[in-house]
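Hello,

Here is the structure we talked about handing over. My notes follow below it.

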Amino acid sequence: MTLAAQRLQVVRDHMESENRLAFDETLATFTRPHYELVATGTVYDGEDEVMGYYTSSRTAFPDQRNEIHSIRGAEDAVIVEFDLLGTHSGPFLGFEPTGREFRCRMAAFFEFEAGTDRIEVERVYFDASTILAQLGLQL
């Protein structure tokens with residue numbers, strides 16, 4: 001299997017493990033866990049911060065999951081277009097649960113450590129207002 005094919009599989013496995021809440025498997029896809037949520041300007045760096053992100057996001061949206069629309073390899077990255085969806089069942093940004101569902105189209109750029117199939121950063125682009133509007137929330 002080529003390195004490009006390995007990287008595509010690593011990203012598929014990464015996203016699927018998030019859906020199963022198998023975060024130890026998700027963390028193992030990184031050289032050092034690192035997420036950047038561009039819409040909010042939030043960065044989670046290191047295993048503790050990323051695990052905190054998983055915990056808080058799944059507390060707010062226990063059924064949060066992704067549905068991949070397309071996945072493409074680039075020279076040093078994999079780009080994924082997907083929908084993120086879930087039900088607001090726990091505290092989120094200081095708001096009590098609304099019980100409402102959201103679905104938001106997103107793009108994620110997975111950059112890899114040179115010459116390896118280990119992710120260095122997952123950078124996610126989305127429109128936060130899409131999610132807030134569907135939940136009936138306003139900041």
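Overall fold

In the protein chain, 55% of the contacts with a separation of 6 or more are between residues 24 or more positions apart; contact means heavy atoms within 4.5 Å. This is a predicted model, in which local features need pLDDT of at least 70 and side-chain atom pairs count only at pLDDT 80 or more, while totals for chains, interfaces and linings use all residues. Residues are numbered from 1 along each chain as its sequence is written, and side-chain values use heavy atoms, with hydrogens and water left out.

The chain has 4 helices and 6 strands (DSSP runs numbered from the N terminus: helices are H or I with at least four residues, strands E with at least two). From the N terminus on, their order is α-α-β-β-α-β-β-β-β-α. The C-alpha trace spans about 45 × 30 × 25 Å along its principal axes. Of the 139 residues, 41% are buried (under 20% relative accessible area; exposed is over 50%, partly exposed in between; 1.4 Å probe, protein chains only).

Two residues

Histidine 14 lies in helix α1 (residues 3-19) and counts as buried because its relative accessibility is 0%. Its side chain makes a polar contact with the side chain of glutamate 122, at 2.8 Å (a pair of N or O atoms within 3.5 Å; within protein, one must be able to donate a hydrogen and the other to accept it, and residues adjacent in sequence count only if both atoms are side-chain atoms).

Tyrosine 125 is in strand β6 (residues 119-125). With 37% relative accessibility, tyrosine 125 counts as partly exposed.

Regards
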